[in-house]
Amino acid sequence: MSAIKYKNNNLFVENASVKNVASKYKTPFYLYSNSNIVENYKSFYGNFKKVDPLICFSVKANSNIKILKILKKMGSGADVVSGGELLKALKSGIKPNKIVFSGVGKTEEELKLAIKKNILLINIESENEAALINKLASKMRGKTSIGIRLNPDINAPTHKKISTGKAEDKFGLSKKNLIEFCRNIKKFENLKLEAISVHIGSQILNENPYKKTLKVLAEIISKTKINFKFVDLGGGFGITYKKGDRKIILKDYSNLVEKFMKKYNCKIIFEPGRTIVGNSAILVAKIQYLKKGANKIFAIINAGMNDFMRPALYDAIHNIFPIIKNKKKIKGTLEFVGPICETTCKFIKYKNYQKINQSDYVAIMDVGAYGASLSSNYNTKPLIAELLVSKKKITIIRRKQDLLKLINN
Ligand SMILES: *Cc1c(COP(=O)(O)O)cnc(C)c1O
């Protein structure tokens with residue numbers, strides 16, 4: 001059960017009424033529920049309990065140190081995709097032996113950092129990357145643990161901008177190239193090939209692509225004849241953002257993963273991001289202006305695509321709910337838009353929305369994943385604050401960026 005819900009027509013995050021928070025802190029801001037994060041983590045782990053996987057939270061979904069600390073306490077590791085994320089994971093207290101590093105374009109500097117910190121796995125995505133790590137490792141520590149990312153050529157139905165597992169996508173090695181790479185692994189004297197990894201995309205609401213991927217993995221592993229110590233099955237598990245979104249069912253998949261683990265005698269790693277934090281936050285904004293358009297009403301809020309980019313970038317649908325519900329209706333269409341000077345700085349349209357006024361507060365729902373972490377300074381707007389609710393207690397987990405610092409840098 002989510003801890004973000006209405007009580008007597010007032011939106012609450014745990015025991016804090018959003019209205020009270022909005023009157024105390026300046027909008028817009030992200031508002032997180034500690035318990036949603038904790039419960040999501042438990043529930044994800046619970047799905048795979050028999051597998052006892054290492055969960056490496058995908059830091060790019062949310063890289064707030066305080067949130068990483070909550071997850072660290074739960075036993076989570078981290079999946080990072082840059083040197084900066086690696087440093088944040090370490091700063092949050094996550095141990096190097098629970099950190100995996102993915103990405104197609106890791107720089108020499110980032111690889112040196114990963115080698116120096118002796119992280120669990122650098123998941124390589126090309127033979128040339130392996131060659132570079134091999135060279136760096138020979139000068140630094142000697143044997144370095146790597147995983148190799150497979151592009152399984154699986155079409156997982158999701159938005160085209162977040163698919164990663166098809167042959168035409170830039171990620172991983174093709175089946176043929178991966179097998180070839182494994183045959184020649186001995187030429188890389190300073191690499192210890194310990195893992196095979198996959199990640200087929202994001203916001204996947206159907207378990208079948210995962211099952212197919214497992215089959216492809218089995219086929220490839222038997223061809224390589226390598227006993228991989230780890231099999232990293234990636235993330236991508238979808239959440240329900242809107243009515244009618246299917247719920248992914250992980251029970252059968254979990255049973256298959258258990259069989260797989262026993263057969264190949266490997267430790268399973270998962271890299272969930274969205275499932276852990278997606279529904280853990282709302283973005284609280286104020287209606288700056290109501291404006292009559294030719295055939296609809298615009299509700300111009302004080303948060304924009306710079307603060308929350310998913311609708312502009314992926315056509316993502318996020319509900320915007322009033323923080324106080326009433327029974328009156330507005331006739332016709334209402335569209336929520338932001339202040340940024342781009343046509344795509346818009347959020348969602350409703351027919352017959354409830355009656356709202358200028359200066360009312362609203363909440364963009366389910367913004368915990370790829371929300372704050374994707375935000376930018378576009379239009380020279382400072383990054384907004386992030387607040388965390390734990391029962392009744394409210395903590396600022398990131399201050400609003402200082403505008404003067406932003407313009408004087
Ligand atoms: C983004 C990413 C993830 C997390 O994806 P979610 O959809 O948030 O679960 C996991 N692994 C890799 C390699 C990624 O790039």
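The model is predicted.

**Thr 333**
- Thr 333 sits in strand S16, which covers residues 333-337.
- Is Thr 333 buried or exposed? Its relative accessible area is 18%. Buried means under 20%, so Thr 333 counts as buried.

**The barrel**
- Eight strands form a closed barrel, in the order S5-S6-S7-S8-S9-S10-S11-S12. Their pairing is parallel.
- On average, neighbouring strands of this sheet are turned by 30° against each other, direction ignored.
- Strands of a sheet pair through backbone hydrogen bonds, either parallel or antiparallel.
- Strand S5 (residues 54-58) pairs with strand S6 (residues 77-80) in the parallel sense, over three bridges.
- Phe 57 stands opposite Ala 78, a residue of S6.
- Helix H4 (residues 83-91) packs on the sheet. H4 touches S6 and strand S7 (99-101). The direction of H4 makes about 170° with that of S6.

**Helix H3**
- Helix H3 spans residues 65-74. Which residues are buried in helix H3? Among them are Ile 65, Ile 67, Leu 68, Ile 70 and Leu 71.
- Asn 64 caps the N-terminal end of H3. A side-chain oxygen of Asn 64 lies 2.9 Å from the backbone nitrogen of Lys 66.
- Gly 75 follows H3. The phi of Gly 75 is positive, near 105°.

Note on methods:
Residues are numbered from 1 along each chain as its sequence is written. This is a predicted model: local features need pLDDT of at least 70, side-chain atom pairs count only at pLDDT 80 or more; totals for chains, interfaces and linings use all residues. Side-chain values use heavy atoms; hydrogens and water are left out. Helices (H or I, at least four residues) and strands (E, at least two) are DSSP runs, numbered from the N terminus. Buried means under 20% relative accessible area, exposed over 50%, partly exposed in between (1.4 Å probe, protein chains only). A polar contact is a pair of N or O atoms within 3.5 Å; within protein, one must be able to donate a hydrogen and the other to accept it, and residues adjacent in sequence count only if both atoms are side-chain atoms. Two strands pair if DSSP finds at least two bridges between them. Axes are lines fitted to C-alpha atoms, for helices over the stretch in contact, and angles run from 0 to 180 degrees between N-to-C directions. Contact means heavy atoms within 4.5 Å.
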